[in-house]
Amino acid sequence: MPFDDLTRVLNAAAHGEPSASSELFPLVYDELRKLAALRLQRGLQNQTLQPTALVHEAWLQLTRAGDRKWQNRAHFFGAAAAAMRQIMIEVARKKSRLKRGGSLIRLNIEDMEIAAVTPEDHVLLIDEALTKLEAESPEEARVVVLKFFGGLTNGEVAEFLGTSRRTVDRQWAAAKVWMFQQIRRETSN
Amino acid sequence: MQPPSSEPSRELVQAIFLGASSLPDPATRRAYLQSACGNNLQLRARVEDALAAQAGAEDFFARGAQALGRLEITGADVKAVEPKAPALDEDLKIEDGRFKLLQKIGEGGCGVVYMAEQEKPIRRRVALKVIKLGMDTKSVIARFEAERQALALMDHPNIAHVFEAGTTSTGRPYFAMELVKGIRITDYCDQNQLDTRERLELFIQVCHAIQHAHQKGVIHRDIKPSNILVTLRDGVAVPKVIDFGIAKAIQGKLTDQTFFTAYENFIGTPAYMSPEQAVISAVDVDTRSDIYSLGVLLYELLTGRTPFETNELFKGGFDEWRRTLLDQEPQRPSAVVTALQGNERQMIAGQRQADAPQLISILKGDLDWIVMKALEKDRQRRYETANGLAMDVGRYLHCEPVVARPPSRVYRFQKLARRNWGVFAATGAVAAALIIGLSISTVMFFKARESERRQTELRKLAEQAQASESVLRREAEARAKITEAALSASQGNLNQAANLLVDVAAFPSNPSLDAVSAFRSVGEFSARQGQWRTAGQYFLALIDIDKFDDWDVVTLDYQSCGVVLAESKDIAAYEKFRKMAAAGFSNTTNVDAASRILKTCLFQPINDDTVKELKPLGDEVEQWIAAQDTQTINDWLIIPISLWKFRCGDNDTAFDYCREKLYDKTMPPSCLAPMRLIVAMVCQQRGNTSAAQAQFVLARDVINAQFRPQLQHGNRSGGMWYDWVADRILLREAADKLGMPAEIPESGK
């Protein structure tokens with residue numbers, strides 16, 4: 001995907017083109033994959049990537065190559081967070097399957113040391129709860145995606161969603177509790 | 001208080017939870033919970049649960065963030081994950097399952113196109129166009145319907161057919177079109193090494209398809225090779241034009257993007273716009289934009305290049321691009337090929353079955369000028385119609401002289417002068433478009449939150465859209481008539497144009513720019529025949545459409561409108577027009593515009609309210625004149641200012657403005673006559689009857705002569721038809737005041 005296209009879509013997003021966000025996603029995704037491919041070419045396939053670092057790297061790449069006029073960082077991170085969520089969940093699923101040989105186990109958080117939950121399961125549990133939250137409150141879910149998978153600060157999230165910092169603080173706090181309650185209910189059943 | 005039995009809402013629980021969690025002191029928190037939850041124990045319990053879970057949640061998410069880091073994602077992982085396209089259209093089910101969606105083949109600003117399989121009435125593959133999720137506002141649905149109607153009206157072998165239309169189970173309108181399997185026209189030509197003649201023959205067919213669309217009132221707006229596919233039928237190449245309509249924005253040429261993105265928002269939600277903003281969209285594009293695009297296509301077919309290469313265009317950013325398109329003449333096709341380097345030059349020529357010198361000599365001359373005429377910056381200089389372009393290409397193929405000619409020096413100079421206005425107007429339009437785009441998307445964001453309610457709303461809208469089908473059909477037909485009328489008018493066939501427009505019951509709500517020339521020509525035609533009310537109707541429609549055109553054009557149309565309404569004796573209509581004109585131009589700082597509007601509002605005596613309304617215009621003109629050297633004042637400013645003073649009762653000043661000018665021998669007669677009439681009326685009031693009568697008679701003879709035998713179109717320096725009509729209105733007023741006949745039978749003839 002040429003940078004031109006991505007730049008164009010980001011520009012459209014910056015100008016409030018509503019369809020741009022859904023169009024943005026595959027483009028940013030492509031960009032992330034391209035970066036990953038570049039690492040493989042350099043023989044770095046086993047080096048661990050920090051997800052947020054990857055997103056930031058993609059961003060830098062974009063601003064270097066693209067038209068400098070657009071400064072729409074927020075929209076980029078919106079799409080990148082969604083893309084990172086997909087990548088991380090896929091990876092976590094794969095690894096979880098490898099370790100457990102199949103289905104996701106039910107675990108009782110009340111009884112279990114949280115530390116004993118593998119990182120993969122931990123992330124998958126959050127993702128499951130997040131999917132439920134999306135049905136319940138899409139706005140809060142968006143905040144969670146941006147915060148948790150996109151590594152954005154509350155201020156950045158507020159900027160992206162066009163709300164106040166305070167609203168984001170409240171949504172994030174409420175979402176965490178709601179999701180945690182969901183996870184606890186699920187796992188204790 | 002009775003405890004409510006229903007489950008407390010999530011919002012309520014959350015609000016109280018958030019309030020409580022900000023109160024660390026246990027006693028304060030309890031008091032707060034008591035007051036907030038009252039007797040609602042269920043609510044209280046839910047809030048307490050949430051509060052109890054808070055510490056665990058914080059911990060869980062903190063560990064979650066660590067867990068993310070410990071996932072140890074590698075480049076290989078990222079690469080291995082296949083991106084899932086966002087689930088956009090999961091709910092897309094066509095009623096009774098007559099279509100099976102196979103794959104997405106295209107996406108525009110408002111619509112998505114799928115390849116689909118139809119079972120009944122016959123099994124075939126079709127292209128299915130559906131409004132995109134989230135874009136289904138009332139107006140988009142209406143426009144989508146309009147596009148479908150327009151497409152249904154079209155029946156041409158070179159245009160993809162519409163088979164049928166309907167609504168999806170969630171209420172989104174769709175239509176099924178002929179699925180065109182073919183390759184881009186440019187690729188087809190290159191792959192088959194078509195020579196220039198064969199390329200031109202294909203191109204002529206494309207022109208005919210576009211002409212057909214224009215005659216049905218449809219503007220394509222996005223003509224480019226990927227929208228013109230060549231298929232083979234019985235071994236014969238047939239170009240097919242696909243993808244008509246407004247919904248094509250995002251996929252448009254990169255060079256069009258910002259305009260169209262903005263534009264897309266425009267047409268996206270007119271419900272939120274004032275009428276004059278909506279007009280910008282109409283002004284942006286008319287059939288002549290399609291002519292330009294055809295010119296670009298022809299350019300590319302002939303030379304393998306577009307007039308301005310995308311990369312070059314965007315090097316300097318958006319402003320640079322706009323300037324290039326507005327100011328820079330593209331290279332002539334023959335010059336482009338001449339400038340190509342060795343290999344590429346050979347390749348381009350070879351694909352056209354020629355060597356480079358041959359190709360250059362083929363292009364030089366007629367083909368150069370045909371292309372350049374289609375690519376004129378000023379759309380008035382382009383071919384009037386796609387047919388005109390096709391005919392000229394045909395003339396070239398038949399070795400007949402072509403219409404297109406190299407531009408003269410005079411013309412080039414005029415263009416230079418005109419261009420600055422273009423830059424100005426374009427900047428304004430884009431800025432406005434962007435601002436509106438932003439606010440609309442904010443509104444849409446909030447709207448998106450109420451998704452459930454929207455679903456039902458949506459179904460209602462779709463039903464309404466279907467109910468208004470007949471209205472839309474009538475509008476589409478009206479647009480077709482108007483386009484036809486514009487063609488007739490441009491060919492000088494005004495009677496026919498007028499007849500076509502009579503049939504148009506109501507003017508369509510958003511007519512094309514073609515309507516401008518049709519309305520203007522037919523309006524003038526009616527006026528010169530003395531059909532004032534009819535003329536008034538056309539000019540009122542005209543000033544509504546052309547608002548964002550060049551001020552010069554706009555204010556002249558206002559002048560025409562004012563005189564015909566004043567002549568029509570429809571006092572109420574004139575009064576309404578006067579109010580609108582005064583309000584619309586009260587802020588202008590362009591003295592020429594101000595004076596024209598002022599004049600056209602003064603054909604009848606005015607009351608105190610009107611004086612107030614017109615004062616900004618009068619002051620603007622007066623102050624401007626006061627600041628000038630008398631020698632440099634445009635003669636045409638004198639009538640408005642002096643008439644203004646006269647209407648305000650300031651006879652002395654009115655008289656003073658005119659007095660000097662009465663003896664100016666260079667004064668155009670249509671300018672001098674009304675001054676004489678003003679002077680005559682002032683003299684009459686002062687009791688100087690003989691001077692009044694002398695001036696009156698001089699003016700009367702000049703004015704009446706213009707209407708014998710028939711009023712002519714006129715010219716800007718000597719006086720246009722509307723100037724003379726205006727003069728005659730004043731003449732009647734003066735005749736009344738002086739008690740003299742406004743007309744005397746011609747003697748001695």
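Visitor: Between which two helices of chain B does the loop holding B:Q193 lie?
Guide: In this model, which is predicted rather than determined by experiment, B:Q193 sits in a loop of chain B. The helices on either side cover residues 185-191 and 196-215, and the loop therefore lies between α6 and α7.

Visitor: Is B:Q193 buried or exposed?
Guide: Phi of B:Q193 is near 50°, a positive value in a residue other than glycine. Most residues other than glycine have a negative phi. A residue counts as exposed if 12 or fewer other C-beta atoms lie within 10 Å of its own; because B:Q193 has 11 such atoms, B:Q193 is exposed.

Visitor: What is phi of B:K569, a residue that is not a glycine?
Guide: B:K569 is placed in the loop between α24 (551-567) and α25 (571-585) of chain B. With 10 C-beta neighbours inside 10 Å, B:K569 counts as exposed. Although B:K569 is not a glycine, its phi is positive, at about 65°.

Visitor: What is omega of the peptide bond that joins B:R708 and B:P709?
Guide: B:P709 belongs to the loop between α31 (689-706) and β10 (714-715) of chain B. Most peptide bonds are trans. The bond joining B:R708 and B:P709, however, is cis, and its omega is about -5°.

Visitor: Which strands are the edge strands of the open three-stranded sheet in chain B?
Guide: The three strands of this open sheet pair in the antiparallel sense and follow the order β7-β8-β9. An edge strand pairs on one side only, and in chain B this applies to β7 (183-184) and β9.

Visitor: Which residue of β9(B) is the bridge partner of B:L229?
Guide: Strand β8 (residues 228-233) and strand β9 (residues 236-241) of chain B pair in the antiparallel sense over six bridges. Along this pairing, B:V230 stands opposite B:P239. For B:L229, the bridge partner in β9(B) is B:K240.

Visitor: Which residue in the turn of the hairpin formed by β8(B) and β9(B) has a positive phi?
Guide: The hairpin of β8(B) and β9(B) has two residues between its strands. In this turn, a positive phi of about 50° is found at B:D234.

Visitor: At what angle does α7(B) run to β9(B)?
Guide: The helix α7(B), which covers residues 196-215, lies across β8 and β9 of chain B. Relative to β9(B), the helix α7(B) runs at about 35°.

How values were computed. Residues numbered from 1 in each chain as written. Chains lettered and ligands numbered in written order. Predicted model: local features only at pLDDT ≥ 70, side-chain atom pairs only at ≥ 80, totals over all residues. Helix = DSSP H or I, 4+ residues; strand = E, 2+ residues; numbered from the N terminus. Buried ≥ 20, exposed ≤ 12 C-beta atoms within 10 Å, placed from the backbone. Pairing = 2+ DSSP bridges. Contact = placed C-beta atoms within 7 Å. Axes fitted to C-alpha atoms, helices over the stretch in contact; angles between N-to-C directions.
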